[in-house]
Amino acid sequence: MDTILFLAFTEPDGSLAKPALEALGAAVAMGAPLTVGLIGASVAGAASQVANCGAARFLGVSGEEFGQSRYATDAAAAEAVARAAGATIVIAAASVRANRALPGVAHRLNGAIDTHVTAVAGGPSIARWYYRQRMEAAVGRTARPWFILLETGCHAAWSGSPGEVSVESVAVALPPLRTIVTGVRSPQSGVETIRPDARLLFVAGAGWTKKQADGQPHPREATELILGFLNKTHASLGGSKSLVDLSGEGEAVLPFMTHLNQIGQTGASPRHPKGLSTCCHGEEPHVVGWRFVTERRAVNLDPNCGWARGKADVVYVADAFEVMRKVNALLG
Ligand SMILES: Cc1cc2nc3c(=O)[nH]c(=O)nc-3n(C[C@H](O)[C@H](O)[C@H](O)COP(=O)(O)OP(=O)(O)OC[C@H]3O[C@@H](n4cnc5c(N)ncnc54)[C@H](O)[C@@H]3O)c2cc1C
């Protein structure tokens, strides 16, 4: 019978973020003997956060050098925890840290790894999308340990009351460290407008920057309308490739848009339950990024735009400037 290790990196405040709790939810749902393994500057808070998840053991690696995302320390810590746990299946959230460090750890342990996993089922088997989200495969493996990195938004987060638990400290033999993390630099504004937990994905297309009925573009008003809507609704902001590319071509653009906002074949495929597209044509390379967005509406001046060809539930043939002005006013 398989045994499970739920592995997580703690946040700067010592807690576990929602993606980690989702991975824990998936690990618990497998119904097999469970060990929790925590890595971070401090792990006590995270351990008490999930104390009642049903795990038989809690293993921890803590210390300042494990607070920062760095391959050498993350991989060494994860390897030590995985060896101490001796589990046959390791489940972690597909965070930047896990995606980077755990493939190497799986290799060191002669195991296997699947990244970008969207479901874990009994058997065990996993679901994973291929070819830019066009084909879904169910995958089982005989290799052990089997590392499974679960994407966010694919499983209900584990929830339960906190409690007291004693964490077994795992010793880590660190290699000489050649990388010093001096800080984090984020792309301008992009991160703050991307909200994976939002109920609504608001997509802005290149039309927001195009000449309008009066023969002039209105980027400043577009900025006010879009940011006004985001502030009132806390929706997540997506963009078409044409819009996010415009900044590279020196056009009048929306300054808060970066390539991180891009939805589509060469962008992201987010999992918001609802989406509203504005001033975006709805071409196939863009719309494939909406695969997981099940309720879709679009505002476009063009009744023959791609959205009107079966890609949205509702298309409002209207001026998005007028529509969003009215919507924002109604939101108050
Ligand atoms: C290999 C490849 C990969 C690609 N990957 C991606 C990808 O990942 N993501 C992506 O987005 N694209 C991608 N594209 C590009 C994609 O095909 C389209 O070119 C792009 O999505 C068009 O962006 P858009 O709809 O915002 O702009 P446009 O095509 O310029 O459309 C603007 C729309 O705005 C509407 N409009 C203008 N003013 C208003 C107004 N006042 N009110 C309402 N509507 C208005 C117009 O009617 C028009 O439909 C890819 C293309 C290729 C070839």
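Tutor: A crossing is left-handed if the near helix is turned anticlockwise from the far one by less than a right angle, and right-handed if clockwise. The model is predicted: local features need pLDDT of at least 70, side-chain atom pairs count only at pLDDT 80 or more, and totals for chains, interfaces and linings use all residues. Residues are numbered from 1 along each chain as its sequence is written.

Student: Which hand has the crossing of helix 6 and helix 9?

Tutor: The crossing of these helices, which are DSSP runs of H or I with at least four residues, numbered from the N terminus, is left-handed.

Student: What describes the packing of two helices?

Tutor: The angle between the axes and the distance between them describe two packed helices. For helix 6 (residues 219-233) and helix 9, the angle is about 35 degrees and the axes are 10 Å apart. Axes are lines fitted to C-alpha atoms over the stretch in contact, and angles run from 0 to 180 degrees between N-to-C directions.

Student: What makes residues of helix 6 and helix 9 count as meeting?

Tutor: Two residues are in contact if their C-beta atoms, placed from the backbone, lie within 7 Å. In helix 6, E221 and L225 are among the residues that meet helix 9, where F321 and M324 are included.

Student: Why are strand 11 and strand 14 at the edges?

Tutor: Strands are DSSP runs of E with at least two residues, and two strands pair if DSSP finds at least two bridges between them. The open sheet has 5 strands in the order 11-10-12-13-14, with parallel pairing. Strand 11 (236-239) and strand 14 (314-317) each have a single partner strand, so one side of each lacks a neighbour in the sheet.

Student: How do you know that strand 10 and strand 12 pair?

Tutor: They have 5 bridges, in the parallel sense; the definition asks for at least two.
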